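Here is my short note for your reading of this model. Please keep the structure open beside it.

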Amino acid sequence: MICNGIDFDTYFQQYPDAQGYFGKYGGVYIDENLKAAMQEITKAYFSICQSRKFIAELRRIRAEFQGRPTPISHLERLSGYLGGEVQLYAKREDLNHSGAHKLNHCMGEALLAKYMGKKKVIAETGAGQHGVALATAAAYFGLECDIYMGSVDIKKQAPNVARMKLLGANVVEVTHGLQTLKEAVDAAFEAYSKEYKDAIYCIGSVLGPHPFPMMVRDFQSVVGIEAREQFVQMTGHLPDSIVACVGGGSNAAGLFAGFLNDPVEIFGVEPLGRGKKLGDHAASLTYGTEGVMHGFNSIMLKDENGEPAPVYSIASGLDYPSSGPEHAFLKDIGRVKYDTVDDEETLEAFYKLSRLEGIIPAIESSHALAFAMRLAKQMDHGSILVNLSGRGDKDMDYVIEKYGIRE
Ligand SMILES: *Cc1c(COP(=O)(O)O)cnc(C)c1O
């Protein structure tokens, strides 16, 4: 498959390049001492990820601990409801241990930490999903785990804070500024710059300086590799289209990796929230412009001072003012199309999947599903595979309190 001069036969050997760039996006925009730490991780990753022992151990963990491969489900009743001409399928990352795709890269990052002889993993968390996944991985490997979290988020996300503590993580409260994700990122980076000899920073998506966008994609690619094989075995052909929601972009990058070289239409779905006005959505690829934040160059939403803009989405996991550099690149060359759905369309999909299929999806994943439902109505036949990145238990209380039970 060749798209705008990019040959997807050799794509993974060429992107990112040695400096961590996907075209003009990516790179390492951080302080010098942390640059050295990133180089150490890059070097270790390139040698360790080739080692048979590492690959075999990760494979064993995926099967015995995570419960992989996760299945693909044919959404027959939902397809029938949409007219029955187009068949919808879901890759069930909601059935991955701990209920979402995030554990795929956290287990990889923590195993890498262990191979590098590190004692501790460090990260920030907003809604707490990444913190819980990393705390799970740290408990499994017996690593210390420091999770930086703003005071406001700690109050809002009490169940996830309890989970992290139960799993043995040290939740470090960040009390300055707005006391949310941005301050938590700064505090975690600051701590890491003092502790990088003994610790490794584990980024929660295909974001941050090189090698994280590449490494997290590679660890998530298990989703796409499994899905391609399962889908062909189940139906005898490839899907016409695949769809995933894009916050930072890790579940999407993982699914897409399995299909980039195939004649398959690929869609990334961003949250349009309450509407198109800056501050009402988090559709960074759709409405953003090129810029550097959190250590990498990508497309981002900026305020009038060029700083990361405030963003909003009903899904806290999609609430981020940029997306990974590989998505910015795939958008520019036209290999992946990025589109948006708003909160209302998302809720509709959330209720429909629950009622018609017996699957309560994460509100993040409901964005992908909502787009697939829209797409199905526009196609006259064919098949669509949706990445169901997580389960909706975490969203139940909020959705029911705010919107009630709907059909
Ligand atoms: C965190 C999260 C996302 C968004 O993260 P990506 O890196 O864009 O995949 C999507 N779905 C679920 C269930 C999540 O927990």
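The points below cover the basis of the model, a sheet, a helix and the cysteines.

1. This is a predicted model: local features need pLDDT of at least 70, side-chain atom pairs count only at pLDDT 80 or more, and totals for chains, interfaces and linings use all residues. Residues are numbered from 1 along each chain as its sequence is written, and side-chain values use heavy atoms, with hydrogens and water left out.

2. Look at the open sheet. Four strands lie in the order 9-8-7-10, with parallel pairing. Strands are DSSP runs of E, at least two residues, and helices are runs of H or I, at least four residues; both are numbered from the N terminus. Two strands pair if DSSP finds at least two bridges between them. The edge strands, each pairing on one side only, are strand 9 (170–174) and strand 10 (199–201).

3. Strand 7 (residues 120–124) runs parallel to strand 8 (residues 144–150), and five bridges join them. A123 stands opposite I147 in strand 8.

4. Helix 13 (residues 325–332) is largely enclosed by the rest of the structure, because six of its eight residues are buried. Buried means under 20% relative accessible area (1.4 Å probe, protein chains only). The buried residues are P325, E326, H327, A328, F329 and L330. After helix 13 comes G334, with a positive phi near 85°.

5. C202 is buried, at 0% relative accessible area. C245 is buried too, at 1%.

Notes: Buried means under 20% relative accessible area, exposed over 50%, partly exposed in between (1.4 Å probe, protein chains only).
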